[in-house]
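Colleague: I've just opened this one and I'm new to it. Can you walk me through what's there?

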Amino acid sequence: MCKFSKLNMIRYNLDCNYLQNIFVALTIFLSLFMLQIEGNTQFQFDSNANSIAGLDKTSKAESLLDKMWEERSNNPLLAIQLGNEARKICREIDNKSLEAKAANFLGVVYTNMGANENALALHESALKLARESKDSIQIAYSYNNIGGSYRLKNDVTNSLDNVQKAISIFEIK
């Protein structure tokens, strides 16, 4: 009986050591993988920054937003980096309409990533900026996106209210 329990204990220890080794290997692999993604994202961001170096600030912001929109699903970390840079430029040149577009785009990226509270805050910020600049298209997109955020929170009343506001603005345009 003693030999049986010692044998089981040895097997158990071997299994635990094996699992620990697998865990350590996976942790190292995932760490290296995340470093590669981060490094690749930085390289892509730097590459985009170099490609727009000669443009005026408005064109730079628009170009960053175009690239951001292209990357929103495939590379959300790069998209966020591009969007934040575009917002920074928009603030420098005091272009609230373009900043509203950037905030709405960022909100879409955060929604795609499942960060709905961040997305809602960005869409509300976009709405404020769009109102200040009297940009009816961005106001409508903001309402639509806010409605989508509320839908994801299962708040049907606020969702419908905001989507109806968006529709009424889009119908006028």
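This is a predicted model: local features need pLDDT of at least 70, side-chain atom pairs count only at pLDDT 80 or more; totals for chains, interfaces and linings use all residues.

Colleague: Fine. How many helices and strands does the protein have?

Modeller: Seven helices and zero strands. From the N terminus on, the order reads α-α-α-α-α-α-α.

Colleague: And what share of the residues is buried?

Modeller: 31% of the 173 residues count as buried.

Colleague: What about contacts between residues at least 24 apart?

Modeller: Take the contacts between residues at least 6 apart in sequence. Of those, 56% join residues at least 24 apart.

Colleague: Let's pick a helix. How many residues does H5 have, and how far does it reach?

Modeller: H5 covers residues 116–133, so count 18 residues by the helix definition. From first C-alpha to last, H5 reaches 25 Å. At 1.5 Å a residue, 26 Å is expected, and the value is close to that.

Colleague: Which residues of H5 are buried?

Modeller: Ala119, Leu120, Leu122, His123, Ala126, Leu127, Leu129 and Ala130.

Colleague: Why would residues a few places apart point the same way?

Modeller: An α-helix has 3.6 residues a turn, so residues three or four places apart point the same way.

Colleague: What covers the buried residues of H5?

Modeller: The cover includes three helices: H3 (76–92), H4 (96–112) and H6 (136–152).

Colleague: You mentioned H3. How do H2 and H3 cross?

Modeller: H2 is residues 57–71. The axes of H2 and H3 come within 8 Å and cross at roughly 160°. That makes the two helices roughly antiparallel, because angles over 145 degrees count that way. The crossing of H2 and H3 is left-handed.

Colleague: Which residues meet there?

Modeller: From H2, the set includes Leu64, Leu65 and Met68. From H3, it includes Leu82, Ala86 and Ile89. Charged residues take part too, among them Lys57 and Lys60 in H2 and Glu85 and Glu92 in H3. By class, the contact of H2 with H3 has 11 nonpolar, one polar and six charged residues.

Colleague: Now the loops. What follows H5?

Modeller: Lys134, with a positive phi near 55°. Lys134 is not a glycine. Lys134 is found in the loop between H5 and H6.

Colleague: Is Lys134 buried or exposed?

Modeller: Exposed, with a relative accessible area of 71%.

Colleague: What is the phi of Asn154?

Modeller: Positive, about 60°, although Asn154 is not a glycine. Asn154 is found in the loop between H6 and H7.

Colleague: Buried or exposed, for Asn154?

Modeller: Asn154 counts as exposed, because its relative accessibility is 68% and the cut-off is over 50%.

How values were computed: Residues are numbered from 1 along each chain as its sequence is written. Side-chain values use heavy atoms; hydrogens and water are left out. Helices (H or I, at least four residues) and strands (E, at least two) are DSSP runs, numbered from the N terminus. The expected span of a helix is 1.5 Å times one less than its number of residues. Buried means under 20% relative accessible area, exposed over 50%, partly exposed in between (1.4 Å probe, protein chains only). Contact means heavy atoms within 4.5 Å. Axes are lines fitted to C-alpha atoms, for helices over the stretch in contact, and angles run from 0 to 180 degrees between N-to-C directions. Angles under 35 degrees count as roughly parallel, over 145 as roughly antiparallel, 65 to 115 as roughly perpendicular and the rest as oblique. A crossing is left-handed if the near helix is turned anticlockwise from the far one by less than a right angle, and right-handed if clockwise.
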